[in-house]
Amino acid sequence: MGGANSRENLEISDSDEEYEEERSQEEEEDEETYHEVKDATPDRSSSGRKPKSPSSLDEVEAKLKALKLKYPSSSSQPQPQNPNLKNAVKLYLHIGGNTPKAKWITSEKRTCYFFIKSSKLDGDGNENEDEDEEESEGEGDSWWVLKVGSKVRAMVGSEMQLKTFGDQLRVDFVARGVWAMKFFSSEDYRDFVTKYQDCLFENTYGYEATEANRLKVYGKDFMGWAKPDIADDSMWEDAEDSILKSPEPATPLRENQDLREEFEEAANGGIQSLALGALDNSFLVGDTGIQVVKNFSHGIHGKGVFVNYDNGSYRGESSLARSVQKKALLMRAETNMLLMSPMKEGKPHSTGLHQLDIETGKIVTEWKFEKDGTDITMRDISNDSKGAQLDPSGSTFLGLDDNRLCRWDMRDRNGMVQNLAAASSPVLNWTHGHQFSRGTNFQSFATTGDGSIVVGSLDGKIRLYSSGSMRQAKTAFPGLGSPITHVDVTFDGKWILGTTDTYLILICTLFTDKDGRTKTGFSGRMGNRIAAPRLLKLTPLDAHLAGGDNKFHNAQFSWVTENGKQERHLVATVGKFSVIWNFQQVKNGSHECYLNQEGLKSCYCYKIVLKDDSIVDSRFMHEKFAVTDSPEAPLVIATPMKVSSFSISSRR
């Protein structure tokens, strides 16, 4: 399935021949019409006399004009059947999914598209609107909708997964199926793309797509995000390290050629999350307990050790066994684990967490989140830095809530370890941080190797904080309209990966300051020489196969914890798919995916691992588990009942 996009290209190209054949058939039909009309004229030879021959060409022409015959065009280009058809396109439908019988078929040889304003969305039965109408007069909220003939009606948005093919004058998209529109001229194609992008901007931000409104949304420093053709992309190329050039070919391979499943086994209970270790063990956090597994260079194997939540209860009774564990954090050289569960099902916020001593299998304590004597909540926790879980003396970690960013300490204010036996309700110490008044709507965060922090928000913004300050962001990247549900960052802080429901956004944080020094956005304000981001997307076909209700989640880089080491891959999960991109390939500005594209560069070259059940998480093991013939550490994929390990080989 990793090569699905290239297969689509070939098949739609084959359809061009079909189109030429159809045009020839149209000409033949014209000729047939001509003969039918001629035969329908009175036959003067019926009396047995031969018709009188015309005496001149002028007489022939006069007689033919009198018959009002349909003349075929004399130009080299055949004329359309309806030359007055506005916004004419040819519409294709993809059938057969990813089976060997998959192909494009012609849905409508010649139809038209319209962008209309509507307060009704796809599938609500509003099929009788005036196709020439460009804007509705109805009250209340309304959105731009793309309507193509009688077959397609969809709200303009990222859910359409629209993909452009400038060299083929074609766009593909999802709307209760996978469709392709073929345009009859480059002018028609460009006109559609411009209209689509304007409608997308208005649907996303609620403003008309004017220069002033784009400036209002993005800000003058980020106009390259609105107009990628004027953005400074030099930083992408400058950041590439020649010694890290990928040995893989530019075009995607079938996953069987370079993705090898090494091991799969059943888990003891429904897996909720993965906690991968960089030392001897990793952990499968499940419904009823934690399964300890052994780390190997070819993946993880079960050791048979299972810690039940109720067997290791703190003070004999714990809420841990009754809760669903959504977050697990390793600490103190991976001898301790923090477990955080939500207060309510469907809500991520928690009032505290449990500390598990892995060596004894016992719950050490139940910590409360509290500030100034008042209970507060957290929605996420993270290590102080990328490698902090390996520190045997670590006692602090970071916390995030909708409008809070802070550091917690398990020691008391005097630096001594708290007397847990005497404490009636142990309280974590808020060492420093900031409570924002309102409106930040933080969703997820991650740390670099030096402890700098990146935070993603509901409004799509991504903020960068230095390791020394949580009060004011050094850099705030504007949103592209979709909430950021998860973020990750490379060890060196040069690259940020944000997850949205329908695409991933990759951001380069590098900039050159006024003294000519190259820095990251964590250490200073980037000014206006900011590179445009790149998007990582599924092809319309794969997005449709993944299922409309399945969203991207937990996209992250492969795992390194040393200066000078570079992450090699990115992985994300959507439904039953684990999707893997080659990091070096994504950064390469001359990569074939980026040719003939409109707008922000989008990379569609990836590999897919398909499982039989929805995937809980996909993560790369620590770089130390990479071996000679597989320069990337194994990929671990967990479904609720199974865990699998995959190796990525370097052979071409």
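Predicted model: local features only at pLDDT ≥ 70, side-chain atom pairs only at ≥ 80, totals over all residues.
How many disulfides does the structure hold? The count comes to 0 disulfides. Cys112 is buried, because its relative accessible area is 10% and the cut-off for burial is under 20%. Cys199 is also buried, with a relative accessibility of 6%.

Strand β3 spans residues 143-148 and is joined to β4 by 4 bridges. These two strands run antiparallel. Within this pair, Leu146 has Ala154 of β4 as its bridge partner.

The loop between β5 and β6 contains Leu169. This residue is not a glycine, yet its phi is positive, at about 55 degrees. Leu169 is partly exposed, with a relative accessible area of 21%. A positive phi also occurs at Glu334, which is likewise not a glycine. There the angle is about 60 degrees. Glu334 lies in the loop between β13 (327-331) and β14 (336-340). Is Glu334 buried or exposed? Glu334 is buried, because its relative accessible area of 8% falls under the 20% cut-off.

A further glutamate, Glu264, is found in strand β8, residues 259-266. Glu264 is partly exposed, at 37% relative accessibility. What does Glu264 contact beyond its neighbours within four places in sequence? The list is Lys611, Lys642, Val643 and Ser644. Two polar contacts link side chain to side chain. The side chain of Glu264 makes one with the side chain of Lys611, at 3.1 Å. It makes another with the side chain of Ser644, at 3.0 Å. Glu264 and Phe646 are 382 residues apart along the chain. Their C-alpha atoms are separated by 9.2 Å.

Strand β9, residues 271-275, has 4 of its 5 residues buried, so this strand is largely enclosed by the rest of the structure. Its partner is β10, residues 281-286. The two strands pair in the antiparallel sense over 4 bridges. Together β9 and β10 form a hairpin, with 5 residues between them.

Another open sheet has 4 strands, in the order β33-β34-β35-β37. The pairing in this sheet is antiparallel. Its edges are β33 (552-557) and β37 (607-610). Each edge strand has a single partner, so one side of each is left without a neighbour in the sheet. Neighbouring strands are turned by 20 degrees against each other on average, direction ignored. Strand β34, residues 569-574, is joined to β35, residues 577-582, by 6 bridges. Strands β34 and β35 run antiparallel. Val571 has Ile580 of β35 as its bridge partner.

Nonpolar side chains tend to be buried together in soluble globular proteins. The largest nonpolar core of this model has 32 residues. Which of them touch the most other members? They are Leu506, Leu570, Val579 and Trp581. At least two residues of this core come from each of α6 (234-238), β28 (495-499), β29 (504-508), α8 (540-546), β33, β34, β35 and α9 (583-587).

Leu570 shows the contacts of one such member. Its neighbours within four places in sequence are left aside here. Leu570 is then in contact with Leu497, Leu506, Leu536, Gln556, Phe557, Val579, Ile580, Trp581, Asn582, Phe583 and Val586. Another core, of 27 residues, lies apart from the largest one. Its members include Tyr218, Phe222, Trp225 and Ala231.

Note on methods: Residues numbered from 1 in each chain as written. Heavy atoms only, no water. Disulfide = S-S within 2.5 Å. Buried < 20%, exposed > 50% of the residue type's maximum accessible area, 1.4 Å probe, protein only. Pairing = 2+ DSSP bridges. Contact = heavy atoms within 4.5 Å. Polar contact = N/O pair within 3.5 Å; in protein donor to acceptor, adjacent residues only side chain to side chain. Axes fitted to C-alpha atoms, helices over the stretch in contact; angles between N-to-C directions. Core = buried A, V, L, I, M, F, W, Y, C linked by side-chain atoms within 4.5 Å.
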